[in-house]
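Please keep the sequence and the structure in view while reading.

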Amino acid sequence: QAYAEQHQVNYQLLPGEPELADAQVHVDPLRLQQVLSNFLSNACKFSPAEATVALSLERRGEALRVSVRDHGEGIPASFQTRIFQKFAQADASSTRQKGGTGLGLAISKELIERMHGQIGFDSCAGQGACFWFELPGALPTGAA
């Protein structure tokens with residue numbers, strides 16, 4: 001929250017399916033926190049002041065998807081194929097000014113895959129980006 005305030009950005013947790021509140025995933029909690037921190041800090045860095053970064057949880061087949069959506073400039077098409085590579089950063093001067101090493105998303109990808117999940121993003125230039133990861137999950141017995 002302090003990082004969001006520093007960037008004058010707000011977080012919003014979107015309502016999800018009620019039964020997902022009790023869903024379980026088998027993960028390394030510290031590494032999952034590292035991935036979420038990376039997603040949230042990137043969303044804050046690349047969103048304009050007073051924007052809202054939205055977090056959501058949804059079921060995708062047998063997996064649970066966590067998404068973090070920003071309202072920044074989006075990811076240039078020319079960079080999208082390299083975004084999860086080590087030391088990858090878009091070359092635009094506005095992106096370089098945001099700081100970072102270009103390792104966060106590469107590390108996040110490795111961590112999610114080691115937890116038997118998938119990671120990805122959706123983005124259109126000028127419309128922000130939505131980074132997501134999916135992990136195998138289990139709903140409590142009796143949940144539809």
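The points below go from the overall fold to the strands, the helices and a few individual residues.

The model described here is predicted. The protein has 4 helices and 6 strands, and from the N terminus on these elements follow the order α-β-β-α-β-β-α-α-β-β. Of its 144 residues, 38% are buried. Among contacts between residues at least 6 apart in sequence, 66% join residues at least 24 apart.

**Strand pairing**

- Strand β1 (residues 10-13) runs parallel to strand β3 (residues 52-60), and 4 bridges join the two. In this pair, Leu-13 stands opposite Leu-55 of β3.
- β3 is also joined to strand β4 (residues 63-69), here by 7 bridges and in the antiparallel sense. Glu-58 faces Arg-65 of β4 across this pairing.
- β3 and β4 form a hairpin with 2 residues between them. Gly-61, in the turn, has a positive phi of about 65 degrees.
- β4 is antiparallel to β6 as well, with 7 bridges between them. Arg-69 is the residue opposite Cys-130 in β6.
- As a general rule, side chains in a regular strand alternate between the two faces of the sheet.

**Strand β6 and its partners**

- β6 covers residues 129-138. Because 7 of its 10 residues are buried, β6 is largely enclosed by the rest of the structure.
- Strand β2 (residues 24-25) is joined to β6 by 2 bridges and runs antiparallel to it. Val-25 stands opposite Gly-137 of β6.
- β5 and β6 pair over 6 bridges, again in the antiparallel sense. Within this pairing, Gly-120 stands opposite Trp-132 of β6.
- The hairpin of β5 and β6 has 5 residues between the strands, and Gly-126 in this hairpin takes a positive phi near 85 degrees.

**Helix α2**

- Helix α2 comprises the 17 residues 29-45.
- At the start of α2, a side-chain oxygen of Asp-28 comes within 3.0 Å of the backbone nitrogen of Leu-30.
- The buried residues of α2 include Leu-32, Val-35, Asn-38 and Phe-39, as well as Ala-43, Cys-44 and Lys-45.

- Is Ala-43 buried or exposed? Its relative accessibility is 3%, so Ala-43 counts as buried; the cut-off for burial is under 20%.
- Leaving aside neighbours within four places in sequence, Ala-43 is in contact with Val-53, Val-68 and Asp-70.
- Ala-43 and Val-53 are 10 residues apart in sequence, and their C-alpha atoms are 6.5 Å apart in space.

**Packing of α2 and α4**

- In general, two packed helices are described by the angle between their axes and the distance between the axes.
- The axes of α2 and helix α4 (residues 104-114) come within 9 Å and cross at roughly 145 degrees. The contact involves residues of α2 including Arg-31, Leu-32, Val-35 and Phe-39, and residues of α4 including Leu-105, Ile-107, Ser-108 and Leu-111.
- The crossing of these two helices is left-handed.
- Which residues of α4 are buried? They are Leu-105, Ala-106, Ser-108, Leu-111 and Ile-112.
- These buried residues of α4 pack against α2, β5 (118-123) and β6.
- After α4 comes His-116, whose phi is positive, near 65 degrees.

**Positive phi in two loops**

- In general, most residues other than glycine have a negative phi.
- Gln-8 is not a glycine, yet it has a positive phi of about 55 degrees. Gln-8 is placed in the loop between α1 (2-6) and β1.
- With a relative accessible area of 47%, Gln-8 is partly exposed.
- Glu-50, also not a glycine, has a positive phi of about 75 degrees. Glu-50 lies in the loop between α2 and β3.
- The relative accessible area of Glu-50 is 60%, so this residue is exposed; the cut-off for exposed is over 50%.

Technical notes: Residues are numbered from 1 along each chain as its sequence is written. This is a predicted model: local features need pLDDT of at least 70, side-chain atom pairs count only at pLDDT 80 or more; totals for chains, interfaces and linings use all residues. Side-chain values use heavy atoms; hydrogens and water are left out. The expected span of a helix is 1.5 Å times one less than its number of residues. Buried means under 20% relative accessible area, exposed over 50%, partly exposed in between (1.4 Å probe, protein chains only). A polar contact is a pair of N or O atoms within 3.5 Å; within protein, one must be able to donate a hydrogen and the other to accept it, and residues adjacent in sequence count only if both atoms are side-chain atoms. Contact means heavy atoms within 4.5 Å. Two strands pair if DSSP finds at least two bridges between them. Axes are lines fitted to C-alpha atoms, for helices over the stretch in contact, and angles run from 0 to 180 degrees between N-to-C directions. A crossing is left-handed if the near helix is turned anticlockwise from the far one by less than a right angle, and right-handed if clockwise.
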